[in-house]
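Subject: Structure handover

Hello,

Here is the structure you were going to look at. Please keep it open while you read the notes.

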Amino acid sequence: MSVSVTESHIESSVDSRRVSTAEMKFEVVVLPVSDVDRAKRFYVALGWRLDLDFAASQDYRVVQFTPPGSACSIIFGIGITPAAPGSVKGLYLIVSDIESARADMIDRGVKVSEPFHDTGGIFHHLNGKGVVAGLQPQRRSYGSYASFSDPDGNGWFLQEVTARLPGHGLSPGVEFSSSTELARTLRRAATAHHEHERRTGRQDSDWANWYADYISAEQAGEPLPL
């Protein structure tokens, strides 16, 4: 039995008239760890930015890191959470090229799983059910994953996103997180532009505007230019 996913399946049941207009930014996830210094060394090795390491006493310490390009940070320490060390699972790092991101982490000494995808087509199943080894065959956005854990077992996933769902694109004020991220986006645009010229049978001298339209549409989750 096959199941097709249509827009009606994912429509929100919330009355749009009651949606909050207050701006709410999700910015911090608290991780429970058993050894703060060990956890700190791990996230330093990942290349994440150390924002804060504050210790008021032996019973209270706060350490904050932010992944490159992320608006959300992690906090761990002493005396800040009752959760058991390693009990946080399902943390997602969104990357534009999962193979490149995975290779970078392995170079930094992190044990990362092989890439995988899921037969469900929306999100991967629990406990490996429906999970298939390898990248998503069509390399669909949101479809390819890899996993790793910190020294305590807090669980992370890499998820490849190259074109976002409607409403989840970058706002006009958001910049690319790095020159590497921008270069990957430009390479995707260049490949698509080459196909555009092949289909039209002529050289496109207005390539700069075409690139701009492509990148804007990709980030906004809108149909890409042909």
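This is a predicted model: local features need pLDDT of at least 70, side-chain atom pairs count only at pLDDT 80 or more; totals for chains, interfaces and linings use all residues.

Residues are numbered from 1 along each chain as its sequence is written, and side-chain values use heavy atoms, with hydrogens and water left out.

Overall make-up

The chain has 4 helices and 9 strands; helices (H or I, at least four residues) and strands (E, at least two) are DSSP runs, numbered from the N terminus. Their order along the sequence is β-α-β-β-β-β-α-β-β-β-β-α-α. Of the 226 residues, 32% are buried, where buried means under 20% relative accessible area, exposed over 50%, and partly exposed in between (1.4 Å probe, protein chains only). A contact means heavy atoms within 4.5 Å. Among contacts between residues at least 6 apart in sequence, 56% join residues at least 24 apart. The accessible surface of the chain is about 14500 Å², and carbon and sulfur atoms account for 53% of that; areas come from the Shrake-Rupley method with a 1.4 Å probe, and for residues only the protein chains shown count as cover.

Core

A nonpolar core is a set of buried Ala, Val, Leu, Ile, Met, Phe, Trp, Tyr and Cys residues joined through side-chain atoms within 4.5 Å. The largest one has 27 residues, and those touching the most other members are L31, Y43, F76, F148, W156 and L158. Two or more residues each come from α1 (36-45), β3 (60-66), β4 (73-78), β5 (91-95), α2 (98-107), β8 (145-149) and β9 (155-160). The most, 4 residues, come from α1. Apart from this core lies another, of 6 residues, including A189, W210, Y214 and I215.

Leaving out residues up to four places away in sequence, W156 touches L31, Y43, W48, I74, L91, Y92, L93, A146, S147, F148 and D150.

Aromatic rings

There are 16 aromatic pairs. Rings of Phe, Tyr and Trp (its six-membered ring) pair if their centres lie within 6.5 Å; planes under 30 degrees apart count as stacked, over 60 as edge-to-face and the rest as tilted. F42 and Y43 make an edge-to-face pair, at 5.0 Å centre to centre and 90° between the planes. Both F42 and Y43 are buried. One aromatic cluster takes in F42, Y43, W48, F65, F76, F148 and W156.

Why is the pair of W207 and Y211 edge-to-face? The planes of the two rings are at 75°, with centres 5.3 Å apart, so the pair falls in that class. Both residues, W207 and Y211, are in helix α4 (residues 207-220), 4 residues apart, or about one turn of the helix. W207 is partly exposed at 47% relative accessible area, whereas Y211 is buried at 17%.

L52, F54 and Y60 make a nonpolar surface patch of about 270 Å². Patches are made of residues with over 30% relative accessible area and no salt bridge, with like charges joined within 9 Å and nonpolar side chains (Val, Leu, Ile, Met, Phe, Trp, Tyr) within 5 Å; a salt bridge is a side-chain nitrogen of Lys or Arg within 4 Å of a carboxyl oxygen of Asp or Glu. F54 is in strand β2 (residues 49-57) and is partly exposed, at 43%.

P85 is in the loop between β4 and β5 and is partly exposed, at 44%. Not counting residues up to four places away in sequence, P85 touches P32, V33, S34 and D152.

Regards
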